Amino acid sequence: MKSKKIIRKLLMMSTATILGASLLTGCSSNNTDETDVSTNANQTTIKFAMWDNIDEENNFIKAFEEKNPDIKVDLMVIPSDNYSEKLNSMIAGKSAPDVILAWECDINRFAKNGAIESLENYLSNSTISTDDFIPAVNDLTKITDGTYGLPWCYASEILYYNIDMFDAAGVEYPNDSWTWEDFREAAKKLTVKDGNNVTQWGASSIDFPGIWYSQIGQTGDDIVDSEANIILSDGVKEALEFEYQLVNVDKVVPEPAGTSGNAVDLFAAGKSAMARGGSWLIGSYKEIKDFKWDIAVLPKGETQYSSLHTGFFTISSDSKYKEAAWKFVEYCMSEEGQEMISKSTNNPSSIKTIAERGAYKNAGENGPENWDVIDKTAEFGEFGYVLASPGITNKLVDKFNAVVAGQVDIDEALKEGQKEIDVAK
């Protein structure tokens, strides 16, 4: 029996925690020395950790320092492949940076373990309105039993479509009411073959883990439980069966790249009419010259669902310079700071009134135009699978891909997946 979203259940509880999107190259400073920073008579130095460098054209650190000459921000860049592990190690060793851009899977644990500061008192004297955040942010804040982090921006998962291919096939463009069956029928009409050789796919395969979990959420089943463990419900089986049919029966979607080793972006290459992926792909797709394209919300099953992604500005409880750290966080959440972050990431602010100004809307010559899709997705999108450990969610996706490739039976894959979850608890 379908259950209500577990996130909604968690809102009634007082306990329970990318990306998202990457920044471009260039930075104000890059200091990975883990020794304590210090102050002098004129300046306080704080450390800030994130997983990539900063776009020099939209360098929010430099802009902050210019407005606050008494504070210097040392940027600590930690590669994303061991970002969470490194931060957890630093926190355990009492050498955490003053400001941490924390992932969703870490923030709840950091809060419960006392590793990061509650921001409630700071917010009480700030112009930042938490009521203005998108729903998922406020939901997560309630899960952590208070505000312990502020989202630097957010990314969603959406549907991309090739306008030229749709026009050539006489297929209506995707819309907000599209269902899995609409997606399937359109993919059939958009698939082109030369004998047994597919020259144009109706849609690309699921090559990003989040899409799997969004598709599971679309069945109406919970993604995670109250302890942020993935739930292998009937919805998982339903999502797997749907994708299996697309690949092996309808033959309108190729095998996932994870099983074939093919990492080619078929949509960008003009070889597929549709692609399900993160909104951050807009940043690269805007360079497409060969065809017109646009975006739509993901097709729904029993309900609409999209996984959201972000990082949270948090302040270490061990910081000696919390007031300076808060000044930096507050600036990053200001209209000026958010505009620079949005421009550099092509992601909207999680603050709705700032997002409405459209700083993230950096379209290319051939798309997109349907920017309201991002706002619509934010209204029903949730932090679901991102609350769980990336290690287990990626292992489960490997099993999902193996099912679609016909390498393992669905029931056996789910049985083995449950073992992985139980071990990880």
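Start with helix H4, whose buried residues are Glu104, Cys105, Asp106, Ile107, Asn108, Phe110 and Ala111. Here, buried means under 20% relative accessible area, with over 50% counting as exposed and anything in between as partly exposed (1.4 Å probe, protein chains only). Helices (H or I, at least four residues) and strands (E, at least two) are DSSP runs, numbered from the N terminus. This is a predicted model, so local features need pLDDT of at least 70 and side-chain atom pairs count only at pLDDT 80 or more, while totals for chains, interfaces and linings use all residues. Residues are numbered from 1 along each chain as its sequence is written, and side-chain values use heavy atoms, with hydrogens and water left out.

**The whole protein**

- The protein has 18 helices and ten strands.
- Out of its 425 residues, 57% count as buried.
- Its accessible surface comes to about 17,600 Å² (Shrake-Rupley method, 1.4 Å probe), and 45% of that belongs to carbon and sulfur atoms.

**Around helix H4**

- H4 spans residues 104-112 and is mostly covered, with seven of its nine residues buried.
- Those buried residues pack against helix H3 (83-92), strand S3 (99-102), helix H6 (135-143), strand S10 (312-315) and helix H17 (390-404); contact means heavy atoms within 4.5 Å.
- Just after H4 comes Gly114, which takes a positive phi of about 75°.

**A buried loop residue**

- Look for Asn58 in the loop between strand S1 (44-50) and helix H2 (60-67).
- Asn58 counts as buried because its relative accessibility is 10%.
- Leaving aside residues up to four places away in sequence, Asn58 touches Met340, Lys343 and Ser344.

**Aromatic rings**

- Rings of Phe, Tyr and Trp (its six-membered ring) pair if their centres lie within 6.5 Å; planes under 30 degrees apart count as stacked, over 60 as edge-to-face and the rest as tilted.
- By this rule the count comes to 27 aromatic pairs.
- One of them is Tyr160 with Tyr285, an edge-to-face pair at 5.0 Å centre to centre, with 85° between the planes.
- Tyr160 sits in strand S5 (residues 157-162) and Tyr285 in helix H12 (residues 282-285), so this pair ties together parts that are 125 residues apart in sequence.
- Tyr285 also forms an edge-to-face pair with Trp293, at 5.9 Å centre to centre and 80° between the planes.
- Tyr160 is buried, Tyr285 is buried at 3% relative accessible area, and Trp293 counts as buried at 1%.
- Elsewhere, ring pairs link Phe48, Phe60, Phe64, Phe313, Phe328 and Tyr331 into a cluster.

**Helices that cross**

- H2 and helix H13 (residues 322-332) pack at an angle of about 120°, their axes 10 Å apart.
- That makes H2 oblique to H13, because angles under 35 degrees count as roughly parallel, over 145 as roughly antiparallel, 65 to 115 as roughly perpendicular and the rest as oblique.
- The contact is made by Phe60, Ile61, Ala63, Phe64 and Lys67 of H2 and by Lys327, Phe328, Tyr331 and Cys332 of H13.
- Helix H10 (residues 234-249) and helix H18 (residues 410-424) have axes that come within 11 Å and cross at roughly 135°, so H10 is oblique to H18.
- Val236, Lys237, Leu240 and Glu241 of H10 meet Ile410, Asp411 and Leu414 of H18.

Technical notes:
Axes are lines fitted to C-alpha atoms, for helices over the stretch in contact, and angles run from 0 to 180 degrees between N-to-C directions.
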